[in-house]
Amino acid sequence: MESAAIAPNPLPNYINGEWCASHATEFLNVVNPATAEVLTKVPLSPQSDVNAAATAAATAYHSWRRTPPTERVQYLFKLKFLLEEHLDELARTITLECGKTLAESRGEMQRAIENVEVACGIPMLMQGYNLEDIARGIDEIMIRQPVGVVAIIAPFNFPGMIPFWFLPYAIACGNTCIVKPSERVPLTMQKVFELLEKTGLPKGVINLVNGAKEAVDAILEHPTIRAISFVGSSPVAQYVYSRAAAFGKRVQCQGGAKNPIIVLPDADMEMTTRITADSAFGCAGQRCLAASLAVTVGEARHTFTEAIANSAQNRMVGYGLDEKVQMGPVITSQSRDRIEGLIQQGANEGATVLVDGRNPKISGYEQGNFIRPTILQNVNPNSELARTEVFGPVLGLMHLDTIEDAIALVNSGQWGNMACLFTNSGAAARKFRYEAEAGNIGINIGVAAPMAFFPFSGWKDSFYGDLHGQGRHAVEFFTQTKVVVERWPKDWSRQF
């Protein structure tokens, strides 16, 4: 077991280029979910800390926005190399505080680095457009300018990756930024900010405030903060979106999901099973793109059911620092209890617990928050389990007769984050991608996670806002357009 010494003092904030103690009077333990070991303490920063960060960011903004984009991205080039150099260290930190396997943590940080790479193209991505002679001697141009001070409120499940859906684009576009990591997993961002500090970014351009609801509310209400990016559960996303919008802010909020995958009879069952298992049980099911419902169509039912049950039973569960482990714990004991309660609720609603992962015994880690992969068969489409985001390693199985029925099921739900189809039919694939009402579609893909140069889409109750994270959407979100109509005549042109 790898141990991490308890920090003698609570974690600091990073404001105006300085590491500083929070003015908090309350603190939370940061706990390794696999071992129950206390790693450090995190301050629940009050409004005054958010005010200090916002003031620093606002002061830095005036100079930063005037820094040419070609110069701003030089800091990102440095950051990319620093992240690559420290990738394993960052991955181990993610595993320690979040619980996922080392392979998953490394993959997470690689996705973060990809967003830095894309944001380095801001001199091209941020360009506007123009047209001469919209009338005689009059030209019109559209330019993009930064929004101002922006804030990122991050979730626990991807402490390294998700802030990078936003952060590199925000500062590359000329904004200054405040990051509030999840109070459950603050260590990863501490290390990221240590690397950001090494890039030489001017004071106040980036700021880190630890905390919980009081810090979030201070961010939502602060008059200096112009835009907010959030990822988390849908109830909190709704709260953040409505509260921030009421204060006149630009907002993008990624919420929850209930992601179905459809398995047609002509699918490659070996590949489909492996990919589905990775989707449903990877990161212990704690991701908004986890497959949570598998819908077999026609003759796919028996073959797939047997194969996925066998895969679930044989998945190796344990401490993520062990390279042989395929799945780690869930984040807290409260999360474990909630997931186990939903499994029981599914059984009470008539589903059969085909593979039961409750109350496992993980040798050497008896205090960890472990649940083994679980499969419930014959889930009622109208049941609570079919509608609720479990956010754990639980896969529900349903069966329908046709692809039309399957698409209707996909479209009937309140969520719209991801839907996937497994088939060898091009016609079926086109029908599915055309008709399925979800923002991220996978064809023979179990986790339809967009690359950094595409937006992380989401529909229905899975997203609140208009512009998503990553790529061009992030550039549009972190800039505001200005249209200039100008005339510089030697002789005034005649008006018609």
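## Model and confidence

Residues are numbered from 1 along each chain as its sequence is written. In this predicted model, local features need pLDDT of at least 70 and side-chain atom pairs count only at pLDDT 80 or more, while totals for chains, interfaces and linings use all residues; side-chain values use heavy atoms, without hydrogens and water.

The chain's average pLDDT (the predictor's confidence in each residue, from 0 to 100) is 96, and 97% of the residues score at least 70. Residues 1-5 fall below 50, and this stretch has 14 contacts in the model beyond near neighbours in sequence; a contact means heavy atoms within 4.5 Å. Where pLDDT is low, the predicted coordinates should not be read in detail.

## Nonpolar cores

A nonpolar core joins buried Ala, Val, Leu, Ile, Met, Phe, Trp, Tyr and Cys residues through side-chain atoms within 4.5 Å, where buried means under 20% relative accessible area with a 1.4 Å probe, protein chains only. The largest has 131 residues, and Leu-83, Ile-171, Ile-206, Ile-262 and Phe-478 have the most contacts inside it. Helix H4 (residues 102-119) gives the most to this core, with seven residues; helices are DSSP runs of H or I, at least four residues, and strands are runs of E, at least two, numbered from the N terminus.

Leaving out residues up to four places away in sequence, Ile-171 touches Trp-64, Arg-72, Leu-76, Cys-177, Leu-201, Val-205 and Ile-206. A second, separate core has 25 residues, including Ala-53, Ile-178, Ile-219 and Ile-228.

## A three-stranded sheet

Here is an open, antiparallel sheet of three strands, ordered S5-S6-S22; strands pair if DSSP finds at least two bridges between them. Strands S5 (129-135) and S22 (479-487) each have a single partner strand, so one side of each is left without a neighbour in the sheet. Four bridges join S5 to S6 (residues 138-146), and Asn-130 stands opposite Ile-141 in S6.

Terms used: Buried < 20%, exposed > 50% of the residue type's maximum accessible area, 1.4 Å probe, protein only.
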